[in-house]
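Welcome! Please take a look at the sequence and the 3D view before reading on.

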Amino acid sequence: DAAWKQTVAMHDDVVRTVLVRFGGREVETAGDSFLIVFDGAERAIRCGLALVEALAAIRVTVRVGIHSGEVELTAEHVRGVAVHSAARILGEARPGEVLVSGTTRDLAEGAAGLAFEPRGRYRLKGLEREHDLFAAASATG
């Protein structure tokens, strides 16, 4: 219906506006999901937090999953275990949550204004080992 199409269009506009602020590159979309790559863990986390906030302003709740690792980039696609891992982490995220892997949290260690709450160890489908996951948040002081 028209209202849903308008909401999806606003969602997509907000995502694309926010990701540019943090140096993200949109690789592909599927439905209302975006696959975005960054050249740093901190920028990815800050973008995720900004997306949750900006989309909440238009009454759209999202989940964000972030993993850092090696990928194969082509002009139109990104592939690799890191992409699969991020998708599985997203599947564990709660509404309104930015959930990151232990790898991503470690890479962002020492970043001012970020806090991480442990969510536990997860066996993610299709991956060989368990992963520590953390909910990222803006640190308040």
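I89 sits in helix 3, which covers residues 81-92; helices (H or I, at least four residues) and strands (E, at least two) are DSSP runs, numbered from the N terminus. This is a predicted model, in which local features need pLDDT of at least 70 and side-chain atom pairs count only at pLDDT 80 or more, while totals for chains, interfaces and linings use all residues. Residues are numbered from 1 along each chain as its sequence is written, and side-chain values use heavy atoms, with hydrogens and water left out.

**Helix 3 and its residues**

- I89 has a relative accessible area of 0%, so this residue is buried (buried means under 20% relative accessible area, exposed over 50%, partly exposed in between, with a 1.4 Å probe and protein chains only).
- Leaving aside neighbours within four places in sequence, I89 is in contact with G65, I66, H67, L99, V100, S101, L124 and L133 (contact means heavy atoms within 4.5 Å).
- I89 and A136 are 47 residues apart along the chain, and their C-alpha atoms are separated by 13 Å.
- S85 also belongs to helix 3, and with 2% relative accessibility it counts as buried.
- Not counting residues up to four places away in sequence, S85 touches H67, L124 and L127.
- Helix 3 as a whole lies across strand 3, strand 6, strand 7 and strand 8, running at about 145° to strand 3 (axes are lines fitted to C-alpha atoms, for helices over the stretch in contact, and angles run from 0 to 180 degrees between N-to-C directions).

- In the order 3-6-8-7, 4 strands form an open sheet with mixed pairing (two strands pair if DSSP finds at least two bridges between them).
- Strand 3 and strand 7 stand at the edges with a single partner strand each, so one side of each has no neighbour in the sheet.
- On average, neighbouring strands of this sheet are turned by 25° against each other, direction ignored.
- Strand 6 and strand 8 run antiparallel and are joined by 4 bridges; here L99 stands opposite A135 of strand 8.
- Strand 7 and strand 8 pair in the antiparallel sense over 9 bridges, and A135 in strand 8 is the bridge partner of E117.
- The hairpin of strand 7 and strand 8 has 6 residues between the strands, and G126 takes a positive phi near 85° there.

**Helix 2**

- What length should helix 2 have, given its 16 residues? At 1.5 Å a residue, residues 41-56 should span 22 Å, and the end C-alpha atoms are 23 Å apart, which agrees (the expected span is 1.5 Å times one less than the number of residues).
- The buried residues of helix 2 are A41, A44, I45, C47, G48, L49, A50, L51, V52 and L55.
- Those buried residues pack against several elements, including helix 1 (2-21), helix 4 (102-107) and strand 8 (130-138).
- Helix 2 lies across strand 3, strand 6, strand 7 and strand 8, at about 95° to strand 7.

**Where helix 1 meets helix 2**

- Helix 1 and helix 2 pack at an angle of about 145°, and their axes are 10 Å apart.
- Helix 1 contributes H11, V14, V15, V18, L19 and R21 to the contact, and helix 2 contributes C47, A50, L51, A54 and L55.
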